[in-house]
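Reader: I have the model open and would like to learn how to read a few of its features. Please take me through them one at a time.

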Amino acid sequence: MKLDLQQVPFSRFGSYLSVSRFAEGRDRPAGLYLRTVRGDAMVRELLFVEPLRDGAPVPCRETATASLLRLDAEDGFVEFCLAEPKVLRIRGKGLGLRLSVPAYAGGEAFPVRDGAWELNLPQSRLKLNLSPVNGQLRVEAPWKVTRCTRIVAEFGPARGRCDFEAAIEEFRTVCEPRRHLKAFEACVETVERDFRRLLKALPLVPERYVEAAELAGYLLWSCTVDAEGLLKRPGILMSKNWMTHVWSWDHCFNAMALIAGFPKLGWDQFMLLADRRADSGQMPDFVDDAALLWNYVKPPIHGWTLKRMLERSDGIDRKRLKEAYGFLSDWTKFWLDSRDADGDGVPQYHHGNDSGWDNATIFDGGMPVEAPDLAAFLVLQMDVLSEVALLIGKANASQKWRLRADRMLENLLAHSWKGDRFVAPRSGDHHVVESDSLILFLPLLLGQRLPEDVRGKLVAGLLEEGRFLTPHGLATESPRSPLYRPDGYWRGPIWAPPTLMLVEGLAACGEREKAIEIGRRFCDLCVREGFAENFDALTGQGLCDRAYTWTASVFLILAHEYLS
């Protein structure tokens, strides 16, 4: 597996550090950067990385795997290994290495002990310790009045040698002195073993998808950060490019992909946002080590997620079931008690962001909107609460949840089913905007819970020639709609979450062959384009963030469960 650092950062399990290659920006030269993905960092680029020969930058060939980043030039190389989550080990032969703090990042640098220097980077909310393991370190950090005007560090061989080794340590308060005695090769071997351990735990996929599955596994492994700050558990970020948080529905797809082979990490992903829910039952929109956002939520797909996890793992014991029951009860009551302003028994989204489909066309007429997917998710969630209540000895609660689920389904059908389609009325006046959005088909996830005629019309509409289904998968807005946009986020491009949901919905409605075909198209798309945040529905081109973990997880689930 080789990484393209323009799309997929070089990082490792547990680390908030990564290395990426960027194109030239307004204040930024093109090249390699050591970055931080911490939630409170105002500047993420920590150091600009340049191999040197005779004091001048030299072009290099770049290769990166899970455990090693290597820059090769004629008669020399520089290698990098994230030996520990907070320690980047470096070695070079025939070349030196220049590390420059970007001018816009500010900060200070000063010598400490044993030839090391400390870099204080307040806009990145961290400090770095630069240590020569062997060789020498020279730093320019001129001072003017109250600030350092630039910071440039150069590692290179000692006099009479051609090689050097160095270490960069991330820290917040005090960096305790340490000697980096472990051999560089041993560091690489240890990291590679850790990565391979996760790979072995992932779902098996057909031979034609093995190479892509390795990249998917790398994304899940390398995007995991340690439990720190607001994260009570290890968390899989959505990406270490730009989407460096855990959103409160994205995490469900990573949990489902991991629960069978890596049950503890999978369970941690499922409960990560639940740890931070409010007294009202509301979950934050996202969480990272330093920040929570309460202005929005995400859809309640957690009951559906738990049901899938229970069907695929025997590691969810009574203690975990009780933990999940408390969380799902609170989360469901939030929607029932706080998101039905007109009292019609059908809950509402206050913003497109609440649905996860931020700018879907059903929201063009204003808010709040009673989208049918929301009611459908809550039916499923209350069905699961009923089942879990029985398992933990709450028979009366089980019956109450079942009755609530039945009533919600009745309300959904009476309120939002209009002859041959679901609509998304605005709460209060029930105004409906014209929309041909795929979100209106997500109630298919209810499967046999829907009346037969409703199922039939939904399936027919979803599979109608030229409407949503393209050679690459399901467009989120019909390409023949006047509101379709090729790079329109949720107004056209293909996304992983609705793909999985509608594949599952078709299978639940007895259309498994159609489900398999859509799953195949999506997996083939990922093989060609990588694990992008979304894809152009007509060309298949990867769009937005090109290293997104929920896309990787959905690929693994579909390839294993529908294509094996």
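Reader: Which residue makes a polar contact with the side chain of His415?

Author: A polar contact is a pair of N or O atoms within 3.5 Å; within protein, one must be able to donate a hydrogen and the other to accept it, and residues adjacent in sequence count only if both atoms are side-chain atoms. Here the side chains of His415 and Glu370 are joined by such a contact of 2.4 Å. This is a predicted model: local features need pLDDT of at least 70, side-chain atom pairs count only at pLDDT 80 or more, and totals for chains, interfaces and linings use all residues. Residues are numbered from 1 along each chain as its sequence is written, and side-chain values use heavy atoms, with hydrogens and water left out.

Reader: Where is His415 found, and is it buried or exposed?

Author: Helices (H or I, at least four residues) and strands (E, at least two) are DSSP runs, numbered from the N terminus. His415 belongs to helix H9 (residues 395-416). Buried means under 20% relative accessible area, exposed over 50%, partly exposed in between (1.4 Å probe, protein chains only). His415 has a relative accessible area of 14%, so it is buried.

Reader: What is His415 in contact with, leaving aside its neighbours within four places in sequence?

Author: Contact means heavy atoms within 4.5 Å. For His415, the partners are Asp344, Val346, Glu370, Pro425 and His430.

Reader: Now strands. How many bridges join S7 to S8?

Author: Strands of a sheet pair through backbone hydrogen bonds, either parallel or antiparallel. Two strands pair if DSSP finds at least two bridges between them. S7 and strand S8 (residues 87-93) run antiparallel and share 7 bridges. Phe80 stands opposite Ile90 of S8. The hairpin between S7 and S8 has 2 residues.

Reader: What about S6 and S7?

Author: Strand S6 (residues 69-73) pairs with S7 over 5 bridges, in the antiparallel sense. Leu71 has Val78 of S7 as its bridge partner. In this hairpin, with 2 residues between the strands, Asp75 takes a positive phi near 65°.

Reader: Why is S7 largely enclosed?

Author: In strand S7 (residues 76-84), 8 of the 9 residues are buried, so the rest of the structure largely encloses it.

Reader: How many residues of H11 are buried?

Author: H11 is mostly covered, with 11 of its 13 residues buried. Among them are Pro497, Pro498 and Glu504. Gly510 follows H11, and its phi is positive, near 85°.
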